[in-house]
Amino acid sequence: MLQDFSSVTLREARPSVVATERLTLRRPTLADVRTIALLANDPRVAENTRRLPHPYSQDDAVAFIRATAAPGGETVFLIEHDSGPIGMVGIDCSTPGNAELGYWLGVEHWGRGFATEAARGAIDFFFEEFEDDHLYAGARVTNPASRNVLEKCGFQWSGVQLHRFLALGSSTPVDCFRLSRGVWASLKSWSSARRVR
């Protein structure tokens, strides 16, 4: 009977592919390890993401994919453009009521609007699949491009905090942002992402 299944089980059974105008967001697999490691192993990527080590090896990619396959943690998508991986986007729901959006792209794909498009797809997925009323995100204060992505997606600045960055081995100031379900719904005029079954 339906009531015998938890919402987590049902959520895991739902489609895991999101299609946007130019991108496909899908769950990463071990077949993607080499490409993920190649894209992530750039200091310019690592210094702007809190949890990416540098250098980033294929072993790091394997550990990451295995960790994201565990139930109840992050919802992670590999970003594909023209059938090739270009980065990652995900939502960490491991802390109840404090879901956080994160993303990164390989350097050669910067400046083409892919981060905004992928973030919007992940945001749509989050608000359609989860009941949380807010989604959080952050961008290093020295990363105006990431701040622009968040602002284009409707996030509102909520202050500055220090966050530890693995690749830097230290803490650095981060602009913090919040997106409410109400603001997301009012801005839903962007091209709706759709899930592929």
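A charge is said to sit over a ring if NZ of Lys or CZ of Arg is within 6 Å of the ring centre and within 35 degrees of the ring normal. In this predicted model, the charged end of R140 sits over the ring of F165, 5.6 Å from its centre.

**Aromatic residues**

- Five aromatic pairs are present in the structure.
- One of them joins F126 and F127 in an edge-to-face arrangement, with 5.1 Å centre to centre and 70 degrees between the planes.
- F126 also forms a stacked pair with F130, at 5.5 Å centre to centre and 25 degrees between the planes.
- F126 and F127 are both buried; the relative accessible area of F126 is 1%.
- F130 is likewise buried, with a relative accessible area of 12%.
- One aromatic cluster is formed by F77, F125, F126, F127, F130 and W184.

**Helix α4: length and N-terminal end**

- Helix α4 comprises twelve residues (residues 58-69), which at 1.5 Å a residue should span 16 Å; the end C-alpha atoms are 17 Å apart, in agreement with that value.
- The N-terminal end of α4 is capped by S57, a side-chain oxygen of which lies 3.3 Å from the backbone nitrogen of D59.

**Helix α4: its two faces**

- A61, I65 and T68 are the buried residues of α4.
- These residues lie on the same side of α4, because they cover an arc of only 70 degrees around the axis.
- An α-helix has 3.6 residues a turn, so residues three or four places apart point the same way.
- The buried residues of α4 pack against α2 (33-40) and β3 (74-81).
- The exposed residues D59, R66 and A67 are carried on the face of α4 turned away from its buried side.

Notes: Residues numbered from 1 in each chain as written. Predicted model: local features only at pLDDT ≥ 70, side-chain atom pairs only at ≥ 80, totals over all residues. Heavy atoms only, no water. Phe/Tyr/Trp six-rings, centres within 6.5 Å; stacked < 30°, edge-to-face > 60°. Buried < 20%, exposed > 50% of the residue type's maximum accessible area, 1.4 Å probe, protein only. Helix = DSSP H or I, 4+ residues; strand = E, 2+ residues; numbered from the N terminus. Expected span 1.5 Å × (residues − 1). Arc of directions from axis to C-beta. Contact = heavy atoms within 4.5 Å. Polar contact = N/O pair within 3.5 Å; in protein donor to acceptor, adjacent residues only side chain to side chain.
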